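Subject: Structure for your review

Hello,

Please find the structure below. My notes on what was found in it follow.

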Amino acid sequence: MGNEQRGRVRVEHSAKRVRTYFGGELVADTTSPRLVWEIPYYPAYYLPLSSVRVELKPTGETKHSPSRGEGVLHDVVTAGGTAEGAALTYPDSPIEELRDLVRFEFAAMDEWLEEDEPIYVHPRDPYTRVDVLASSRHVRIALDGVTLAASSQPRILFETGLPPRYYLPLSDIRFDLLRPSDTQTHCPYKGTATYWSVEVGGKVHEDLVWIYRAPLPESQKVAGTACFYSEKVDLYLDGELQEKPKSPWS
């Protein structure tokens, strides 16, 4: 990948073919997408205007960015429907490379493909890696002095920029303390997580445990295991209490 730094925004070329669909129609198809880090955590796809196959209708509204300039909002119009305000262009951006590109709101589109594989939530950061390693280290999870789980066969998930996550076999978890939750979250590297809350001493701790029942290929090793927020429980590793990590979930 080439790399260009433009003020506070990083722009990189990608060699992947990227397609997006809405209303049953192909919206855009390109082999020269750009990855643009509008925020530090993950990039957005910006696609060449020449790759767009449907009508982009200006809404008359603009959206200002200190780094990218004045953005023009467009409706994405297809025979199957209209995604209102789902496309953004920067025709006069101080970042010259963005002027002939368009960003489609990821969640507003029906489907995104990298090559022939679907992607979810947002584009994957090429600098984020997920490693899942089998381990024989002993992991014990406790809350308010009550042991919730204990295992000598964890799967440890290492993800760039996040604390290690200890996924434990379901047979090593006290299910009598778990309460079903309707919460779901989505990750472009791991898939869709469902949750349990934990009840200890009459108090319910919401959404403390999650599981990826059908993880994406790069995270297959966590299938059939569950993980506790180490920010919110006491985690003992080989008998030693670990310091609670600082993260967005602290």
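Ala83 touches Phe22, His74, Asp75, Val76 and Met109, not counting residues up to four places away in sequence; contact means heavy atoms within 4.5 Å. Before the rest, the conventions. This is a predicted model, in which local features need pLDDT of at least 70 and side-chain atom pairs count only at pLDDT 80 or more, while totals for chains, interfaces and linings use all residues. Residues are numbered from 1 along each chain as its sequence is written, and side-chain values use heavy atoms, with hydrogens and water left out.

Ala83 is found in strand 9. Strands (E, at least two residues) and helices (H or I, at least four) are DSSP runs, numbered from the N terminus. Ala83 counts as buried because its relative accessibility is 5%; buried means under 20% relative accessible area, exposed over 50%, and partly exposed in between (1.4 Å probe, protein chains only).

Strand 8 and strand 9 form a hairpin with 2 residues between them. On the other pairing, strand 7 (residues 55-65) and strand 8 are antiparallel over 8 bridges, with Val76 as the bridge partner of Leu56. A hairpin through 3 residues joins strand 7 to strand 8. Strand 8 (residues 69-78) is largely enclosed by the rest of the structure, because 7 of its 10 residues are buried.

An open sheet of 4 strands has the order 4-3-11-12, with antiparallel pairing. Strand 4 (25-30) and strand 12 (117-118) stand at the edges with a single partner strand each, so one side of each has no neighbour in the sheet. Strand 3 (residues 18-22) and strand 11 (residues 111-114) pair in the antiparallel sense over 4 bridges. In that pairing, Arg19 stands opposite Leu113 in strand 11.

Arg103 lies in strand 10 (residues 101-104) and counts as buried, at 10% relative accessibility. A polar contact of 2.8 Å joins the side chains of Arg103 and Glu38. Such a contact is a pair of N or O atoms within 3.5 Å; within protein, one must be able to donate a hydrogen and the other to accept it, and residues adjacent in sequence count only if both atoms are side-chain atoms. Leaving aside neighbours within four places in sequence, the contacts of Arg103 include Tyr45, Tyr46, Lys63 and Leu88.

Phe158, in strand 16 (residues 155-159), counts as partly exposed at 35% relative accessibility. With residues up to four places away in sequence not counted, Phe158 touches Arg129, Val130, Asp131, Leu133 and Pro164.

Aromatic rings

Rings of Phe, Tyr and Trp (its six-membered ring) pair if their centres lie within 6.5 Å; planes under 30 degrees apart count as stacked, over 60 as edge-to-face and the rest as tilted. By this rule the count comes to 8 aromatic pairs. Trp37 and Tyr127 form a tilted pair, 6.3 Å centre to centre with 40 degrees between the planes. Trp37 lies in strand 5 (residues 34-37) and Tyr127 in the loop between strand 12 and strand 13 (130-134), so the pair ties together parts that are 90 residues apart in sequence. Trp37 is buried at 5% relative accessibility, whereas Tyr127 is partly exposed at 49%.

The charged end of Arg10 sits over the ring of Trp37, 3.8 Å from its centre; for this, NZ of Lys or CZ of Arg must be within 6 Å of the ring centre and within 35 degrees of the ring normal. The charged end of Lys232 sits over the ring of Tyr229, 4.7 Å from its centre. Tyr229 also belongs to one aromatic cluster with Tyr167, Tyr195, Trp210 and Trp249.

Nonpolar cores

A nonpolar core is a set of buried Ala, Val, Leu, Ile, Met, Phe, Trp, Tyr and Cys residues joined through side-chain atoms within 4.5 Å. Of the 22 residues in the largest one, Ile141, Leu148, Val198, Val209 and Phe228 touch the most other members. Another core, of 20 residues, lies apart from it, and Phe22, Val27, Phe104 and Trp112 are among its members.

Regards

Terms used
Pairing = 2+ DSSP bridges.
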